[in-house]
Every structure is written in C-alpha cells, then in structure tokens.
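Here is a short briefing to read alongside the model. Please keep the viewer open as you go.

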Amino acid sequence: MKNIYQLLTCLILILSLSNFTVQAEDWGVPSSAKKKHNPYDANVKNISSGKKIFNINCKTCHGDPGKGNMIHLVPISPTDIGSQDFLVQTDGEIYYKINKGNGAMPTFEKTLNDEHKWMVITYLRSFDKSNRRSEKLAEVKNPEVTDVKLDLEIQDSSKYILAHLTGMTKKGKRVGLHGIEMSFLVKRNFGYLDISREDAYTDDNGKVETVFPYDLPGDREGHVDLLVKLTDDAFYGNLEKSQIVSLGVPTIPVNPLDERAMWGTRANAPIWIMVSYIGGVFVIWGVIFFVLFQMIKIPRLAQNKE
Amino acid sequence: MKEDSSKNGRRKFLKNLGVTVGAAGVVSSFSLLGAAKAAAKEPAEMVNLLTQDGQLVQVDKNQLRPTVTAPLNELQKRGREGIPGKSFVMVIDLSKCRNARKCMAACQNHHQLRPDQHHINVLQMQDAEYTAPYFMPKPCQHCDNPPCTKVCPVDATFKRQDGIVLIDNERCIGCRFCIAACPYSARIFQWTEPKDAEKYKDLTYNIEANVPQKKGTVSKCLFSADRLRVNKLPSCVSSCPNGVYYFGDRNEDAVTNGTTHETVRFSKLIEENAGYTLMPELGTKPRVYYLPPKNRAFKFNGDLLNEENLH
C-alpha cells in the first residue's frame with residue numbers, strides 16, 4: 001500500500017513538472033503565423049549568409065545546429081535547432097519565435113530585418129533531413145581541382161584588394177573557381193574586423209575584390225594585418241592567406257600622460273600649479289620669519305632707547 | 001628618441017625577467033635537492049608533492065617556500081606604465097541587457113570580491129516619472145579627465161597611457177577622498193577583512209587586478225588590466241550571455257563584442273546608435289559609452305514597485 005502511495009506521489013510530481021516545462025515552452029503561435037512561407041530560395045548564397053547571421057546572433061546560446069553544444073540554462077536550455085524535433089515546425093512558426101522571443105530567448109523583431117531572419121531559417125532548413133527544399137541546393141559547378149591556391153593583389157593607391165582563387169584541373173590547367181564566398185578581415189586587438197563587400201563571391205575567373213575602408217586606422221606607418229579566407233570551409237577546406245599591407249591611415253597614438261594635467265600624478269602636475277604652490281609656501285614662511293625677526297628686534301630697540 | 005628608450009626598457013625588462021625566472025629555477029631545484037637531502041637525514045613532517053613531470057615526491061615541510069609569481073616592483077612598474085599605443089574603450093548596449101548579472105559574478109570572482117561589493121553593478125534606471133525603465137550596467141568610466149586622481153594625496157590612484165585608471169593598494173592610505181570625488185560612485189572601500197584574505201595572503205599583489213584585496217584601502221574596476229595584457233577581453237565583457245558589451249581599442253577604431261566576438265567599427269557603432277556617455281556636463285570625458293535602450297531584446301522585468309531599486 002505504502003509503495004503505491006509513493007508511486008502515486010512520484011507520478012504526480014513528474015506530471016506536474018512536465019506540465020511546468022510544457023507551460024514554459026508554450027509560445028502560443030497563432031495559426032495564421034504558422035502559414036507564412038520563406039520567400040527566399042535555399043541556394044548556397046542564402047544558406048551561407050544565413051550561417052553568418054546565425055553565428056553572430058544565435059550561436060552563443062543555441063550552439064552549432066545538430067551538435068548539441070548549446071549553453072545550459074535553468075529551467076530549460078535552448079533547443080538544438082538543427083535537430084529534427086525542432087525542424088518539424090513550419091517556417092512561419094520559427095519566424096514567429098525569432099520575432100517574439102520567450103523567457104531567456106530575446107526578441108529579434110527589431111534587431112534583425114526580415115531578410116536576415118529568413119536567411120537564418122533557410123540555413124536551419126539545410127539541416128532538415130525530411131525537407132525537399134534542402135535537397136535542391138543550387139550547387140556551385142566547378143571542375144574537380146587539386147592544389148587550390150589563393151593569391152592576393154593589392155593596389156596601394158586605390159586601396160583595392162583583389163583575391164584570386166584558382167585550382168589545378170586533372171588536365172594540368174589552372175582555372176579560376178567561381179561562386180565561392182570570400183572574407184576579407186583586418187586584425188584588431190580582440191578580433192577580426194570584416195571589411196568584405198556585400199556578396200563577396202568569386203566571379204567566373206575566380207576573382208573577387210573589395211575596397212579597403214579609406215578611414216580605417218593602421219599603425220604608425222599605416223600597416224594593418226590583412227587576412228583573406230574562404231568563408232565556408234566546406235568547399236576547399238580552411239584556405240586562408242594573411243599579409244601585412246599598408247592600406248590603413250597612419251595613426252600616432254596619443255599618450256595622455258605626455259601633457260601636464262590637473263589629474264596627473266605629482267610628476268605630471270601643471271607648471272602653474274607647482275609654481276603657485278611652491279611660491280605660496282615661500283611667501284607664507286617668509287611672512288612668519290619676517291614677523292619673528294621683527295619681534296627679536298624689539299628688545300634691541302628698547303635697549304638702544306635706554 | 002622616445003621609442004629607443006621604451007625599447008631599452010622592454011629589453012631590460014625581458015632580461016631582468018629571464019634572470020629572475022632563471023634564478024628562481026636554480027633556487028627551486030636547489031631547495032628540492034636540499035629537501036631531498038634533509039629527508040634522507042631525518043624524516044620530519046613530510047608532505048606529498050607532484051612534480052612537473054608527474055612524479056610523486058615526499059618533501060620536508062620546512063623546506064617549502066611560497067612561490068613568488070613576479071617581483072612586486074616589476075608588477076607595480078608595468079602596471080603604472082600601461083600598455084603603449086592602446087586606448088581602451090567600452091561600449092554598453094542597453095537594449096540587450098536583461099539583468100542576468102553574469103558580469104557582476106565574473107568580476108567578483110576575478111577580483112576576489114564579496115557578493116555585496118561591486119566593481120560593476122547593474123542598476124534599474126528610470127530617468128523621469130513617465131519614461132521607460134531599463135537596466136544599466138555601470139563600471140568605472142575610466143574618465144580622460146578623472147576627478148578621483150586629482151584628489152589623491154599620495155599618488156595612489158592614477159591614469160595610465162592606455163587610458164585605464166588604476167589604484168595601487170600598496171600606496172593607498174584609505175582616506176577615501178577619491179570615493180567622494182567620483183561622480184559615478186564607481187569605487188568601493190574594504191571596510192572589513194577581504195574575501196578569502198587568509199587563502200591569498202601569500203599571493204604577490206597585482207596592481208592590474210587589485211588582488212589580493214587589502215583591508216582599509218579603496219578598490220575599483222580596472223577593465224581587467226591583467227587580462228588585457230594577454231589580449232583577453234575583460235571578465236565582465238566575456239561573461240555576458242546577451243551581447244551587451246563591446247570592448248576595444250579606440251586607436252584602431254574597433255570594438256569586439258564579448259558574446260558574439262563580432263568586431264565592428266567603434267565610430268560607426270556610436271554614430272548609428274546615438275551612443276552617449278554618462279553625465280557629460282561634468283567634463284569628465286568617460287571611456288565607457290552607452291547605446292540607448294531602444295528596440296530592446298528583452299522586456300523590462302525589474303521590480304518597479306520597490307522604489308529602493310530605482311536609480
């Protein structure tokens with residue numbers, strides 16, 4: 001009998017707990033929102049830009065799709081959004097959730113524009129095993145190549161950076177690889193600043209260019225550390241090339257300690273403050289000594305008079 | 001000319017460091033030898049130690065000395081000078097903050113502070129009666145015209161060439177003038193014995209982290225100057241789960257988000273989001289910039305009914 005009671009309490013507890021999680025996950029997506037469709041094609045470009053947006057805005061909590069490396073939160077961790085359990089939802093449902101947020105999930109209604117949100121959904125759909133859209137990816141048609149090389153051409157005067165991606169075909173001919181996205185990055189103290197232009201995909205000759213920002217500071221000589229790499233390593237692995245270029249604006253760092261200022265420590269105090277302070281000390285002590293001297297003189301004066 | 005002298009300084013420092021480390025190595029090996037000899041003579045109170053190559057050795061307790069990480073004066077010297085050529089700034093995006101308080105926890109952990117002591121504090125703000133409330137993390141503003149350093153009678157608090165305002169707890173006499181002078185209430189005073197004082201009493205004082213904390217002195221936010229030296233973002237910045245903080249070098253015109261690790265142009269970020277500083281009318285020229293709480297990522301979930309919480 002006792003056992004049955006224990007079992008019952010356990011059951012009730014489990015049920016109430018599961019009820020709680022269901023409530024916490026209740027998004028209340030209206031049925032009209034579920035019907036929305038993704039207006040963007042599931043092509044390589046859209047998926048790759050979706051991946052970029054995902055890595056910046058979603059990855060810190062949700063982790064990589066399908067890898068289960070999300071952060072762990074109480075009471076509920078973020079979902080693995082590459083899993084089939086998540087992807088059974090319609091595009092409209094995911095879109096609604098990105099927009100509204102719930103609990104620890106922020107709202108992205110204003111932080112991401114519509115296009116970006118759909119790109120993220122396109123990227124997520126590429127993990128969907130049951131979705132046909134993900135299968136009809138517009139593949140990039142490049143011949144099979146070996147010895148893929150990345151060359152950089154830099155024009156200092158026009159601040160032009162040209163990247164050239166080539167590979168060796170079986171016939172021993174070097175050809176340009178087209179339709180590959182390239183990232184142009186500039187090293188900064190705590191990370192890389194992306195200076196690539198919009199849609200930085202290689203053209204038919206395997207070339208893609210970008211213009212270095214005219215006002216980006218470099219070091220004293222204008223040198224910056226440039227890194228050019230393939231945005232997606234799925235095609236030819238992690239191919240990158242770094243080079244020191246002198247395209248930045250020469251910047252001489254200002255040392256705030258060089259000037260004398262009120263907030264400086266003793267050695268950096270302004271001259272006028274040091275002069276007036278030391279002068280003040282001399283004047284005050286001078287007056288005191290003068291008075292003392294005069295007082296010593298009084299008895300002498302008295303003697304003289306007598 | 002200047003560059004030469006700084007180069008010499010660095011060489012000298014490296015040389016000195018090499019000599020110190022080398023000497024420390026020799027001394028430690030001698031002391032280990034001595035310990036082994038002593039152990040052979042008479043088994044006094046022995047402790048088990050694991051050597052670097054993974055062997056378990058027994059050492060006489062009397063032979064053990066606390067490790068000195070770096071000579072105190074060298075730490076003080078480089079801490080006073082700062083990192084040449086840098087000009088650190090922080091940008092706080094108020095629209096992303098939902099009062100998760102991970103920054104505070106990370107900071108207290110790094111600087112050995114108790115939970116009630118704040119180098120950075122998340123405040124509930126409401127600017128006027130009918131304005132929208134929001135959360136505002138508030139670290140030291142590392143002003144370019146700091147009122148706190150002007151009033152220090154013993155040169156204990158100072159500004160370095162990379163813009164960071166530090167305090168030397170070895171010099172501080174605890175007069176608390178700087179606390180009174182700071183318009184942002186960014187400084188705290190160690191009224192009692194600091195957290196884990198007993199545990200860290202043999203640790204060499206590091207001016208760039210204010211650890212170990214000292215009773216009767218003032219402590220403040222340091223932009224995690226010891227982490228910046230090894231190109232790491234400050235503790236609060238890298239612990240934020242919601243992408244509130246950007247940190248970087250103004251000379252490079254780039255700031256990096258601690259959560260997403262996205263690097264953006266500092267000038268653009270401020271320009272596009274109408275960034276502002278706190279109490280600009282005081283002319284303190286803060287190095288911490290705020291982006292207004294517009295288009296928020298989270299609804300305000302603070303406790304408005306309790307007026308004590310509001311600032």
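Predicted model: local features only at pLDDT ≥ 70, side-chain atom pairs only at ≥ 80, totals over all residues.

Residues are numbered from 1 along each chain as its sequence is written, chains are lettered from A and ligands numbered from 1 in the order in which they are written, and side-chain values use heavy atoms, with hydrogens and water left out.

**Helix H2 of chain B**

- Helix H2 of chain B covers residues 72-81; helices here are DSSP runs (H or I, at least four residues) and strands are runs of E (at least two), numbered from the N terminus.
- Glu74(B), Leu75(B), Gln76(B) and Gly79(B) are buried in this helix, where buried means under 20% relative accessible area, exposed over 50%, and partly exposed in between (1.4 Å probe, protein chains only).

**Nonpolar cores**

- The largest nonpolar core has 42 residues; such a core is a set of buried Ala, Val, Leu, Ile, Met, Phe, Trp, Tyr and Cys residues joined through side-chain atoms within 4.5 Å.
- Met90(B), Phe223(B), Tyr245(B) and Phe247(B) are the members that touch the most other members.
- Among the chain B elements that give two or more residues to this core are strand S3 (88-93), helix H3 (102-110), helix H7 (235-239) and strand S10 (245-249).
- Another core, of 25 residues, lies apart from it and includes Ile180(A), Leu193(A), Phe212(A) and Leu239(A).

**Where chain A meets chain B**

- Chain A brings 31 residues to the contact and chain B brings 42 residues.
- About 2900 Å² is buried between the two chains, and carbon and sulfur atoms give 58% of that area; buried area is the accessible area (1.4 Å probe) that two parts lose on being put together, summed over both.
- On the chain A side, Asn189(A), Phe190(A) and Trp263(A) lose the most area to chain B, together 27% of what that side buries.
- The rule finds two salt bridges across this interface, a salt bridge being a side-chain nitrogen of Lys or Arg within 4 Å of a carboxyl oxygen of Asp or Glu.
- Arg266(A) forms a salt bridge with Asp155(B), with the closest N and O atoms 3.8 Å apart.
- H4 and strand S5 (192-194) of chain A are the elements that give two or more residues to the side of chain A that touches chain B.

**Salt bridges within the chains**

- Over all chains, the count comes to 24 salt bridges.
- Lys51(A) forms a salt bridge with Asp232(A), the closest N and O atoms being 3.8 Å apart.
- Lys51(A) lies in helix H3 (residues 44-57) and Asp232(A) in the loop between strand S7 (224-230) and strand S8 (240-245), so the pair ties together parts of chain A that are 181 residues apart in sequence.
- Lys86(B) and Asp249(B) meet through their side chains in a salt bridge (4.0 Å, N to O).
- Lys86(B) counts as buried because its relative accessibility is 18%, and Asp249(B) is buried at 2%.
- Asp144(B), Lys159(B), Arg250(B) and Arg287(B) are joined into one network by salt bridges that share partners.

**A closer look at Ser235(B)**

- Ser235(B) lies in helix H7 of chain B and counts as buried, at 9% relative accessibility.
- The side chain of Ser235(B) makes a polar contact with the side chain of His110(B) (2.7 Å).
- Beyond residues up to four places away in sequence, Ser235(B) touches Ala106(B), His110(B), Ser224(B) and Arg227(B).

Conventions: Contact = heavy atoms within 4.5 Å. Polar contact = N/O pair within 3.5 Å; in protein donor to acceptor, adjacent residues only side chain to side chain.
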